[in-house]
Amino acid sequence: MKIPICVVSFNRSFYLDSLLHSLESELNDFDIVIVDNNSRELNMQNVFDRWSNKVTILKLAGNDWINDEYKAKNAFLDHCKKNYSSSEYCLFLQDDMQYVGPKTKLRSIADSLNDTE
């Protein structure tokens, strides 16, 4: 079972693209869901276009990115309820992070979460 990972982003295309590149080897085990909190940066669309066939992109409109991050996270949780009915877990990452661990580490985390009852 794939575990969804939420990344809330706003006008940080360089960081988001770097994060997605660092997670690229993990896309078989995790579903990455980018929640765009009303970005206005022109390059964000290029990042979305580059990754649209590998990740899910939820675009929110009219949000105040500083005060409404909770709306983005709630939109992700609603998405999870509809699309991952068997998943009890979801992970959150910031868009300015990068994954630098071994490829097997995230898989072992996913396996340990799936094995708990």
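Residues are numbered from 1 along each chain as its sequence is written, and side-chain values use heavy atoms, with hydrogens and water left out. Because the model is predicted, local features need pLDDT of at least 70 and side-chain atom pairs count only at pLDDT 80 or more, whereas totals for chains, interfaces and linings use all residues.

**First selection: helix H1**

Select residues 13-23, helix H1 (helices are DSSP runs of H or I with at least four residues, strands runs of E with at least two, numbered from the N terminus). Eight of the eleven residues in H1 are buried (under 20% relative accessible area; exposed is over 50% and partly exposed lies in between, with a 1.4 Å probe and protein chains only). Among them are Leu16, Leu19, Leu20 and Leu23, together with Asp17.

Display strand S2 (residues 30-37) and strand S3 (residues 56-60), which run parallel and are joined by five bridges (strands pair if DSSP finds at least two bridges between them). Asp36 is found opposite Lys59 in S3.

Within H2, highlight Met44, Val47, Phe48 and Trp51, which are buried. They lie on the same side of H2, because they cover an arc of only 100° around the axis (taken from the directions from the helix axis to the C-beta atoms). The buried residues of H2 pack against strand S1 (3-9), H1, S2 and S3 (contact means heavy atoms within 4.5 Å).

The structure contains five salt bridges (a side-chain nitrogen of Lys or Arg within 4 Å of a carboxyl oxygen of Asp or Glu). Centre the view on Arg12, which is linked with Asp95 and Asp96 in a network of salt bridges. The closest N and O atoms of Arg12 and Asp95 are 2.8 Å apart. Arg12 lies in the loop between S1 and H1 and Asp95 in the loop between strand S4 (91-94) and helix H4 (103-115), so this pair ties together parts that are 83 residues apart in sequence. For Arg12 and Asp96, the corresponding N and O distance is 3.0 Å. Asp95 is buried, at 3% relative accessible area, whereas Asp96 is partly exposed, at 44%.

Finally, select Lys54 and Glu24, whose salt bridge has its closest N and O atoms 2.7 Å apart. Lys54 lies in the loop between H2 and S3 and Glu24 in the loop between H1 and S2, so the pair ties together parts 30 residues apart in sequence.
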